[in-house]
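Dear colleague,

Please find below the structure for your review. A summary of the findings follows it.

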Amino acid sequence: MKKSLPIVVLFAALAAGLWLNRETPTPAPLHSYRLFALGTLIDIQIAGPMSDTRYSALEGELIPLLNAFETRWSVLRDGALAQLNRQLETAASATFADGLYTDLRLAQQICRNSGGRYDPAIGRWIALWGFEDEEKPREQPPTETEIVAARAPSWCEAELSDQIVTLGTVGVRLNFGGMAKGRAVDLLLTHIRNAGFPDALVNAGGDLQVSGQRGERAWRIGIRDPRAPGEQKAIAAISLHDGEALFSSGDYERFFTYDGQRYHHLIDPHTGQPARRAISATVLHTDAALADAAATALFVAGPEDAPRVAADLGIEMWMVIAPDGTPTTSPALEQRLEWLDTDAAG
Amino acid sequence: MRLGDGLLLAAALSLELFFIHRYWAGATTGDIAVIQSPAGSQEVRLDRDQTLTVMGALGPSILEVRDGAIGFVQSPCSRKICIRSGFHSHAGATTACVPNRISLSVAGMREDGFDAIHH
C-alpha cells in the first residue's frame, strides 16, 4: 500500500487537473448593439453567427425603428401622442393617429384591471413633479394646491373608439411612459427574430425580454438589489425562456431628495403623490408591455394588495419589495428564483 | 521514501501546478473598458490611471481611470446618475450618461455568469 501511494497521488493530481481544465460548452458567438432611446440605454445581445455586413444592416434597421417608435409615444417630440395631447389641452375629445388604438385600449384594460393603479392620464402630475423631462428636474415637491389643480379624470373612464377618445374634461395630458418601454422592447425583439436571429436579449435600462436561448442554455439574468443601485451585485438569479420579459418599477430609478425625503417618479394615480407602499415591484410575463405597466401597478399597490391586483391583471409571476426591504413573491415566481443573498429571501 | 517515490510526487505536484495555472489563466479579467459616444467607440486600458474627456450630445463628460476602475467624474446631465453609479472594474459592468449619449462598459464576460442584470 505504501509503495502505491505516490502512484495514487499522481493519478489523483492528473484527474483533478483534467477536471479543472475540462471542456465546457463554448458559448455561442455574441453580437451586441448599444442604443440610446426612451431616456435609457438599450443593450441588445444576439447569439449565433452573423456576418459583419448583416450586423451593420441590422443596426441600420433597428435605429430608425426605435426612433419612429419614440417619436410616436414621446410627450416631448412632435409625434402622434404629442399631437393628441395638444388637442386635449383645449378639448375633452380628440382624434388620434392610426397605430395608437391597440395600445390605448391595452392601457385602459390595465388601468381598469388594476383598480386605476396604472393610469396614463396622470401626465400633468408627472410633469408637475418634474419627471416628464429628464433635463428639467424639480428640487422640491409641488404644493398640495398645485397637485389638486393638476388632477385629471382617469383613463379607466375614457370613451375610446377607433380614432376618437373622449375624457371628462379638458386639459388631460397622457403619458405612456409606464408601458412604452415594454412595447419598444417587444418591437425590437420581434424585428430581430423576423430578421432571422431567433436568439436575442433586449435590455432597456435593466428591463428586458429574451427570445430563444444563449447557445446551449437559457438566458441567465441576475436581479439587482434595489437599495444598491451603484453596484452590480445581484440578490437573485433567474433563467428566462423564449419570449419571457422581466420588468421592474422602483423608487431608485428617477427621484430627487428634499428635506431628507426621497420623491420618486412612480406617482400614485389616486393621490398625486409618489407611492410609498413599496420600493420595487417586478413582473415576469410574455407580454412585455403588460409586464411593464403591471410592475407600476403592483408598485403602487404594495405588498398587501399585490396578490389581488396581480390576479386581476392575470399576472402569475411577481415580486414586491416593501420599504423595509422584505420581498413578497408569488409562488409561481418563487419557484423560478434562486436567491443569492439569504438575508433578502422571504 | 525512495528516490523514485520522491520523483513521482514531484511530477504529480508539477502537473497539478500546471493545471492550476492553466485554469486561472483562462479566467476573465476586466482590464479594458469600452466607451461609446456619438463620435464612436474607444477602448481604454484600466491598468494605467488617466483622465479622459469624451464629447457627448450635451457637452464634455470627464471619465477617470483610477486603481483599475473607471467611472464618470463630471458630466453635463442634470441628475448625475452616471457619477453616482461610481467606479467599475468588474467585467460586464456597465453605466451610462444617457442624456449625453455616453456609455462605458468593462470588457469581458461577467464573472458571475449572468447575461444581464435586471433592475
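Accessible areas come from the Shrake-Rupley method with a 1.4 Å probe. On that basis, the accessible surface of chain A comes to about 15200 Å², and carbon and sulfur atoms account for 52% of it. Please note that the model is predicted.

Chain A has 346 residues, of which 53% are buried. Its secondary structure comprises nine helices and 16 strands. When contacts between residues at least 6 apart in sequence are considered, 61% of them join residues at least 24 apart.

The axes of helix 7 (residues 177-194) and helix 8 (residues 288-313) of chain A come within 7 Å and cross at roughly 155°. Angles over 145 degrees count as roughly antiparallel, and helix 7 and helix 8 of chain A are therefore roughly antiparallel to each other. The crossing of helix 7 past helix 8 is right-handed. On the side of helix 7, the residues in contact include A:Gly177, A:Met179, A:Lys181, A:Arg183 and A:Asp186, while helix 8 contributes, among them, A:Ala288, A:Asp292 and A:Thr296. By class, this contact has five nonpolar, four polar and four charged residues.

A single residue may also be of interest. A:Leu88 lies in helix 3 (residues 80-90) of chain A. Its relative accessibility is 1%, so A:Leu88 counts as buried, the cut-off being under 20%. Leaving aside residues up to four places away in sequence, A:Leu88 touches A:Ser93, A:Ala94, A:Leu167, A:Val170, A:Gly171, A:Val172 and A:Leu174.

Notes. Residues numbered from 1 in each chain as written. Chains lettered and ligands numbered in written order. Predicted model: local features only at pLDDT ≥ 70, side-chain atom pairs only at ≥ 80, totals over all residues. Heavy atoms only, no water. Helix = DSSP H or I, 4+ residues; strand = E, 2+ residues; numbered from the N terminus. Buried < 20%, exposed > 50% of the residue type's maximum accessible area, 1.4 Å probe, protein only. Contact = heavy atoms within 4.5 Å. Axes fitted to C-alpha atoms, helices over the stretch in contact; angles between N-to-C directions. Parallel < 35°, antiparallel > 145°, perpendicular 65-115°, else oblique. Left-handed = near helix turned anticlockwise from the far one by under 90°. Nonpolar A, V, L, I, M, F, W, Y, C, P; charged D, E, K, R; others polar.
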